[in-house]
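Please open the model in your viewer and keep the sequence panel beside it. The stops below each begin with something to select and then say what is there.

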Amino acid sequence: MDAFFASPEPHLCRNLRDACLRRTPTIVQSSPGLDPIVDFARSCVRGLYADPRTLESRFLYDAQGSALFEEITRQPEYYLTRTEAAILAAHAAEIRELTGPTRILELGSGSSLKTDHLLKAWLERGGPTRYYPVDVSSAALSAACAGIRSRFPAVEMVGIQCQYREVFPLLAQLSPVLVAFLGSSIGNFAPPEMLAFVRTLAAALRPGDFFLLGVDLVKERSILEAAYNDQAGVTARFTRNLFVRMNRELDAGIDLDAIEHAAWYRQDQELVEISARFTREQSFRLTPPGRVITMGQGDLVRTEISRKFRMERVIPELEGCGFAAERVFTDSQRWFALLLLRRRPLYSPRRAGKRPL
Ligand code: AVJ
């Protein structure tokens, strides 16, 4: 999918460069192009008329959704965040050793709590520590920036509120850089989208730059399904919140009591599929553009996929996209992996004629 081949946005580049030069705590926003409400409405209409019905996961993260996701990460069944944080805590110093004093840009930073381990390791080695959290949620981003500012006053930081693809044109000017994409957020992409994303990222980075990627690994169904169906019902509220947002921003008038959360592991595709199920028939209208949508009893709307990975497969895949795997860190149960990848040189004499990019 070429959705990730964004054209450079000089407006955003200029803002960011200015903010970096001034070294003031700033949040830079992407250039005001499409009205966010129109963007949301169009995406919902497109997705609800598609077969199967789907909604784009990026819209899950409004202020409430981002807060609910933080609550998910604290649920006992949701092992991902805890496990990844422990891996980061154990290996952050080593990662800093391997990368040298790069800037750190974090995609989908959310609350940025796990990043503390990286920032500590960077600060401990001295020299300037420059951190660029990127998130679509301005609420999550401002809270994260305020938190980092108070915990790590020495960190030079510019928060960037935009979609992932909008930040790619900025990466070359941030080099040397480590791009962190944690939490297995990459699992939200379907396989072709993931490849397009990784290739675009590789193309945007300079040779030698780093990519720190967190991936959740294939495991027993019961553990996976529990993680996406927590007892306290937080994940269910997270799924339903997308429809709360449609009611608030698009005046949809959806009966929220007739929506339930459904998540199961599809072993054939090695992914958790997360949907909203309509328990009664209902019609609603989204404004703009005002089209009527009818949902039948039992109809599903897929709100997310969360892919689970196998190291022996994902590493060659990433290497085929222009990266070399430098180190792989994992936990004792091999539930989660943190991959330190490096942008391969465009031309490497050893590989000449073998794997040209
Ligand atoms: C933020 C995409 C990594 O897939 O585990 C958690 C989102 N959705 N519970 C995931 C999520 C429901 C999460 N990611």
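Select helix α3, where Gly65, Ser66, Leu68, Glu70, Ile72 and Thr73 are buried, a word used here for residues under 20% relative accessible area, with exposed meaning over 50% and partly exposed anything in between (1.4 Å probe, protein chains only). Helices (H or I, at least four residues) and strands (E, at least two) are DSSP runs, numbered from the N terminus.

A word on the model before moving on. This is a predicted model, in which local features need pLDDT of at least 70 and side-chain atom pairs count only at pLDDT 80 or more, while totals for chains, interfaces and linings use all residues. Residues are numbered from 1 along each chain as its sequence is written, and side-chain values use heavy atoms, with hydrogens and water left out.

Next, select the ligand and the residues around it. The shell holds 15 residues, of which the closest are Tyr78, Gly183, Tyr228, Glu304 and Ser306; a residue is counted as near if one of its heavy atoms lies within 4 Å. At least two residues of this shell come from each of α3 (63-73), α10 (234-250) and β11 (300-307). By type, the shell around the ligand divides into eight nonpolar residues, six polar and one charged, with Ala, Val, Leu, Ile, Met, Phe, Trp, Tyr, Cys and Pro counted as nonpolar, Asp, Glu, Lys and Arg as charged, and the others, Gly among them, as polar.

Which distances separate polar side-chain atoms of tyrosine 78, tyrosine 228 and serine 306 from an oxygen atom of the ligand? For tyrosine 78 the distance is 2.5 Å, for tyrosine 228 it is 2.6 Å, and for serine 306 it is 2.7 Å. The ligand taken alone exposes 350 Å², and the protein buries 97% of that; accessible areas come from the Shrake-Rupley method with a 1.4 Å probe, and for residues only the protein chains shown count as cover.

Stay with α10 and select threonine 239, which lies in that helix. Threonine 239 counts as buried because its relative accessibility is 2%. Not counting residues up to four places away in sequence, threonine 239 touches His261, Ile274, Ser275, Ala276 and Thr303.

Now turn to the nonpolar interior. A nonpolar core is a set of buried Ala, Val, Leu, Ile, Met, Phe, Trp, Tyr and Cys residues joined through side-chain atoms within 4.5 Å. In the largest one, which has 62 residues, Leu212, Phe243, Met246, Phe284 and Leu286 touch the most other members. Select phenylalanine 284 and its contacts beyond four places in sequence: among them are Leu48, Met246, Ile254, Phe278 and Met295, and also Arg291. A second, separate core of 39 residues includes Val134, Leu174, Phe189 and Phe197.

Phenylalanine 210 is the next selection, and its place is in strand β6 (residues 210-216). Phenylalanine 210 is buried because its relative accessible area is 2%. With residues up to four places away set aside, the contacts of phenylalanine 210 include Leu98, Thr102, Val177, Leu340 and Arg342.

Finally, look at the backbone. Most residues other than glycine have a negative phi, and most peptide bonds are trans. The peptide bond from aspartate 51 to proline 52 is cis, with omega near 0°, and proline 52 is in the loop between α2 (36-49) and α3. Serine 175 and proline 176 are also joined by a cis peptide bond, with omega about 0°, and proline 176 lies in the loop between α7 (164-174) and β5 (177-181).

Aspartate 251, in the loop between α10 and β7 (259-266), has a positive phi of about 55°, and is exposed, with a relative accessible area of 58%. Glutamate 270, in the loop between β7 and β8 (271-278), has a positive phi of about 50°, but counts as buried at 14% relative accessibility.

Conventions
Polar contact = N/O pair within 3.5 Å; in protein donor to acceptor, adjacent residues only side chain to side chain. Contact = heavy atoms within 4.5 Å.
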